[in-house]
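Me: I would like to go through the contacts in this model with you. Could we begin with a pair of helices?
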Amino acid sequence: MSDLFGFKGAEGAGYAQPDPISDDFEFPVALKRENLPRWPRASEPEIVRHYTWLSTRSHGIDSGFYPLGSCTMKHNPRVNERIVQMPGMNDLHALAPASHLQGLMAIFHEMQEMLEHCAGMDTVTLQPVAGAQGEFTAMRCIQEYHRDIGESHRNKVIVPDSAHGTNPASAAMCGYEIIEIPSLDNGQLDLDALRAVVGNDTAAMMITNPSTLGIFEPEIAEAAKIVHDAGGQMYYDGANFNAILGKTNPGLMGFDAVHYNLHKTFSQPHGGGGPGAGPIGVKSHLADYLPAPLVVASEDEEGEVWFDWYEPSKSIGKVQQWHGNAGATVRSWAYYRRYGRELETMSEHAVLNANYLRHRIMNPSDEVRSKIHAMPADGAPADVVKHEFTLSMTPVKDSTGVTGKDIAKRLLDYGYMSPTLYFPMIVPECLMFEPTETESKEAIDQFADDFLTILTEDPEMVKTAPHDTPVKRVDEVWAARNLVLRHPIDE
Amino acid sequence: MTGGSVKSPQRGGRGDIVVDQLPNLGREKEMLTAMGMSSMDDLFSDIPEDVRRTTPLDLRPPQTEEEILREARMLLGTNISVDSRPSFLGAGLYSNFVPTMVPMLATRGEFLTSYTPYQPEVSQGMLQAMWEFQTMISELVSLPVSNVSMYDASTAAAEAITCAVRVHERKATQKSTVYVSELVPPHRMSVIENYTQGAEISIHKLPHREDGLLDLEAAVSAEGACAVYVEQPNAFGLLDEGLMQLKSLIGENTALIIGVQPVSLGLIAAPGDYGADIVVGEGQPFGIGPTAGGPIYGLFACRDAYIRQMPGRIVGLSKDSDGGRAFTLTLSTREQHIRRHRATSNICSNETLIALMGAMHMALLGPEGLQKLARRNAGACSAAKKAILALDGVEAVHPQGVHFNEFAIRLNKPAADLLNFLDHECDITGGFDLSQWWPERENEILICATDQIDLEDIEELVEGIQDWEEGYE
């Protein structure tokens with residue numbers, strides 16, 4: 001147990017700083033700070049050891065298989081980190097003249113064009129810093145567009161019940177009323193339910209495709225037609241974009257706006273919860289509303305290319321104060337360069353791996369099957385899935401009392417991160433698996449075998465899992481009841 | 001491109017170069033056969049014809065790590081950084097020194113490549129680090145609770161306002177109304193407007209006096225509103241003692257939200273000690289360089305009354321089934337993945353890794369290190385101010401002001417002219433042209449001197465300004 005606030009060493013032990021160049025300043029007495037924050041007093045070796053110890057109690061993709069559905073936990077190439085540590089990145093000021101940022105702006109420009117092409121959109125802004133902020137930004141653009149064309153009465157946003165929670169939350173933050181429509185029993189979008197709710201108050205529909213069940217919506221074009229005929233806009237949640245690069249795109253499906261998760265599809269590391277980046281792309285009718293900055297290129301007489309910042313004429317303004325998460329854009333640029341047009345191969349392998357894992361879990365050998373208490377059920381019937389799939393643990397729970405959560409916790413004992421748990425909510429006892437394209441066949445085989453083994457284990461052992469992790473099962477209710485949200489320090 | 005056959009390994013690359021990120025390249029057939037499929041196309045048979053791409057992606061061929069690195073070095077090498085020359089540009093992002101240990105440890109794979117710690121049993125390290133971060137921010141601003149981070153200072157300010165409205169709306173006599181300092185920079189103001197318009201919050205501006213300090217007599221009008229948002233130091237780098245009386249003027253039922261430059265709190269009173277209910281700010285000076293504005297991280301700390309309405313992730317202490325100490329994300333019933341459209345915020349991905357870098361930096365500084373860092377910033381600002389205001393043709397915009405980090409000067413010619421001269425003739429980034437925020441201030445420059453400015457830098461700036469003036473004689 002290493003406690004940061006247990007370090008109470010000498011003053012200034014941590015890192016020595018040069019002396020002030022002047023002590024000739026005077027602040028009003030009332031404004032002077034009397035008690036310094038009770039931060040630790042620790043030397044560099046102590047701090048290094050503390051955080052190294054903490055890192056051993058964390059689990060990343062680097063630690064092991066991480067099939068967390070909807071999160072696209074793919075390998076993060078290390079050259080991307082090397083690049084953002086180079087001079088000319090962390091030491092750039094956002095307000096510096098454009099002449100100081102030409103290299104960065106060249107990267108922005110290339111990323112805008114690449115993202116436009118991959119999604120079939122006309123214009124991309126790199127401003128939003130997370131997927132949810134991308135959703136919010138696009139819905140704000142749609143809102144201003146409707147106000148502009150005299151359709152400000154459009155105050156409702158439709159989301160399927162399988163949607164990510166950010167979709168309704170982002171639209172609600174814009175002031176929209178949310179209409180949730182149920183999915184069909186097979187997990188697909190219910191067009192009749194959609195037809196029943198669209199009208200002249202429909203602002204937009206927000207949907208991800210493939211859906212959170214990993215199913216490609218076969219009638220997506222018809223859904224887009226229904227919404228467009230009612231005068232609404234189609235918004236594509238790009239969380240599941242990793243499945244379809246080069247195969248189809250949101251533009252072909254009839255979408256008007258889309259966000260990209262650079263931290264999913266384009267390998268910006270997730271960093272324990274962020275940073276991410278959530279650029280958005282739109283069709284031309286929405287382009288004038290995008291937040292600044294966009295990068296535009298021009299060429300002088302000698303063929304020299306020059307990049308400038310550009311603010312669209314009816315821009316909604318800013319959603320982050322600066323140029324978005326520039327460092328994430330640069331990492332994702334390096335990632336894109338690794339694949340280039342072979343991004344299609346990337347998606348093929350993401351889908352290959354997901355289908356292979358699903359096949360391996362659902363088709364155990366007769367010997368293994370004979371030992372399994374109960375097999376999980378498919379979250380949605382489908383011959384093929386895309387990059388992810390869901391399983392319902394209801395049959396297991398009914399037969400043994402072991403829940404989806406118990407299985408998720410037991411997987412931790414085997415050295416895996418658990419799949420996404422209890423989402424989407426329309427699948428009971430749901431586990432959602434996304435292996436990504438960067439897992440080997442052997443790793444997938446081993447995971448499937450271990451998963452099946454858990455289904456044969458003594459239910460009591462599974463219910464009390466995990467057993468081999470740094471701490472045993474954590475009591476989340478205790479935390480919410482007691483709310484100890486900081487270290488007491490001196491107590 | 002989409003022929004019926006299984007693709008050969010060469011399909012994954014250009015000539016002899018294959019994409020080196022795919023462990024199963026060349027093993028497609030083996031895996032497909034196991035599933036009873038014959039072609040990769042079978043995997044995409046569910047995509048209807050009418051929405052399929054008919055042409056391959058029209059993008060460049062793949063590159064090797066070496067080629068990408070070379071090109072990145074070339075491109076980033078054309079940028080002009082704040083560390084490569086004397087730079088007096090601040091205005092919300094601050095040049096700093098980040099101890100080497102910070103990026104080295106924060107990029108350990110267990111931190112870098114982990115997701116939000118939804119499974120606490122294998123995420124104790126990041127959870128504890130964030131709980132410690134919450135504690136250090138709580139100590140810094142003197143408020144009981146901090147979240148794990150916001151995107152930046154502007155979204156932190158915006159969501160502090162919507163949070164305060166939810167808490168105070170019922171008792172407010174000025175319903176859905178907040179008062180915001182007129183000196184909040186336009187880009188930050190724009191973020192605030194985007195985030196508050198959906199809740200139909202009406203924003204009134206708080207005026208300032210000629211000396212750049214808040215007009216306290218006018219601020220009384222905010223009483224009964226849901227919130228007041230002001231900054232300390234403000235956009236001109238001014239420290240305002242008057243803000244210490246603000247809470248008593250606006251009353252218990254109006255949230256006082258204060259935006260801070262966190263380094264200043266090594267010398268300046270913590271806002272929680274003079275009435276702030278919520279403190280926000282740009283955490284950037286701790287942990288990471290200005291980074292072209294992102295990824296950085298926003299601070300958000302508050303009093304207990306706001307906990308259930310606050311945005312963002314929060315880590316709490318708990319216990320495991322053996323009764324041992326453990327950490328977990330808590331209060332998630334506020335969040336979008338549980339509450340959907342009734343969530344307090346849509347924030348999901350945040351800036352945890354950058355906050356972790358901030359925590360490492362703060363832990364290494366310690367209390368006295370923080371104080372020294374603040375003294376270095378105050379000293380650099382003071383030295384620059386004295387030297388520059390002594391020049392002919394330069395006057396202080398706020399001559400009586402007490403400044404931290406930055407101060408505004410007024411010239412008798414357009415500021416852009418001097419800044420261009422310094423940039424092109426002297427290799428100095430001279431400051432921020434205030435007409436970019438407020439067009440009427442075309443002769444004014446905001447000059448920032450952080451701990452990274454030394455006496456020679458100031459001397460160079462002084463000489464540059466003199467040379468420019470002489471060019472007009």
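Me: Which residues in H1(A) meet which residues in H11(B)?
Reply: In this predicted model, Glu44(A), Ile47(A) and Tyr51(A) of H1(A) meet Met360(B), Ala363(B) and Leu364(B) of H11(B). Contact requires C-beta atoms, placed from the backbone, within 7 Å. The residues of this contact are five nonpolar, no polar and one charged. Ala, Val, Leu, Ile, Met, Phe, Trp, Tyr, Cys and Pro count as nonpolar, Asp, Glu, Lys and Arg as charged, and the others, Gly among them, as polar.

Me: At what angle do the axes of H1 of chain A and H11 of chain B cross?
Reply: Roughly 150°, and the axes come within 10 Å. Axes are lines fitted to C-alpha atoms, for helices over the stretch in contact, with angles from 0 to 180 degrees between N-to-C directions. H1(A) and H11(B) are therefore roughly antiparallel, a label for angles over 145 degrees.

Me: How many residues of chain A are in contact with chain B?
Reply: 170 residues of chain A contact 172 residues of chain B. The largest share of chain A's side, 11 residues, comes from helix H11 (residues 343-362) of chain A. Helices are DSSP runs (H or I, at least four residues), numbered from the N terminus. That side of chain A divides into 83 nonpolar, 55 polar and 32 charged residues.

Me: Which conventions apply here?
Reply: Residues are numbered from 1 along each chain as its sequence is written, and chains are lettered from A in the order in which they are written. Local features need pLDDT of at least 70, side-chain atom pairs count only at pLDDT 80 or more, and totals for chains, interfaces and linings use all residues.

Definitions and conventions
Helices (H or I, at least four residues) and strands (E, at least two) are DSSP runs, numbered from the N terminus. Angles under 35 degrees count as roughly parallel, over 145 as roughly antiparallel, 65 to 115 as roughly perpendicular and the rest as oblique. Two residues are in contact if their C-beta atoms, placed from the backbone, lie within 7 Å.
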